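Hello,

Here is the structure we talked about passing on. My notes follow below it.

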Amino acid sequence: MTLESTSALTFAIQAFVTIFVIMDPPGAIPIFLVLVADKDARVRRRLAWQAAGVSFLVIATFALFGRFILNYLNVSMAALQAAGGLLLLLISLELLTGRGADPAKSEDANIALVPLGTPLLAGPGAIVATMVFAQRVHSPSHAIGLVVAVIAVHLAIAIALLSSTTILRIIREAGVTLVARIAGLLLAAIAVQMLVDAIKTFSATG
């Protein structure tokens, strides 16, 4: 099936499934729970919406201007991916050692911006996927389909993060500590995979 014969609905569904799987909202829940454990319910809800909003802003910006931005800065997607992997690796080490749960340190930091909004949700994989779909848009209906898909993904992200906060009332402080260690391990694995993929890309292009 050619792009011209692909309906806007099919194109939107393809974009939604691809971006949703890459961004993996359920996978962000453990990290979110740890980072908001010391916040009240109102702040947790606000941070959930902010994280989804920041992610949407980053994805939308790169969908529209990604190629221009990277070309202007002379930065490759592999370099962006490696930088995101290093950032996530540092955060995962804080979670594993317990330093990331220091309330005094987290009061002034907006976790909705980093690491949730980017690079965990709006990471290099999601950015590249969105840029690829944006390049495949050749009609207004397909453009609308892509916009709807991206919005739907971020609504799903917000809902997942909002619903996850009820878990905090069940697991309590001891459970949060356990989740922090698990989240740190998962985040470290994601970071290492991002670095490995970036190295493979560098090797292939070198």
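**What was found**

The buried residues of α2 are Pro25, Ala28, Ile29, Ile31, Phe32, Leu33, Val34 and Leu35. Buried means under 20% relative accessible area, exposed over 50%, and partly exposed in between, with a 1.4 Å probe and protein chains only. Eight of the 11 residues of α2 are buried, so this helix is largely enclosed by the rest of the structure. Across the protein chain, 41% of the 206 residues count as buried.

This is a predicted model: local features need pLDDT of at least 70, side-chain atom pairs count only at pLDDT 80 or more, and totals for chains, interfaces and linings use all residues. Residues are numbered from 1 along each chain as its sequence is written, and side-chain values use heavy atoms, with hydrogens and water left out.

The fold: the protein chain has nine helices and zero strands. Helices (H or I, at least four residues) and strands (E, at least two) are DSSP runs, numbered from the N terminus.

Next, the backbone. Most residues other than glycine have a negative phi, and most peptide bonds are trans. Asp24 has a positive phi of about 50°. Asp24 sits in the loop between α1 and α2 and is partly exposed, at 38% relative accessibility. Asn74, in the loop between α3 and α4, has a positive phi near 55°. Asn74 is exposed, with a relative accessible area of 71%. A cis peptide bond joins Val114 and Pro115, with omega about 10°. The bond from Thr118 to Pro119 is also cis, with omega near 10°. Pro115 is in helix α6, and Pro119 is in helix α6.

Pro119 also turns up in a pocket. Ile22, Pro119, Leu120, Ile190 and Met194 lie nearest the centre of the second largest pocket, which is lined by 16 residues. A pocket here is an open set of points on a 1 Å grid over the protein atoms alone, where a 1.4 Å probe fits, with protein on both sides within 12 Å along at least five of seven lines; lining residues have an atom within 4 Å of a point. Helices that each supply at least two lining residues include α1 (8-23), α6 (112-121) and α9 (168-205).

Thr177 and Leu95 are 82 residues apart in sequence and 9.1 Å apart in space, C-alpha to C-alpha. Thr177 is in helix α9 and counts as partly exposed, at 39% relative accessibility.

Best wishes
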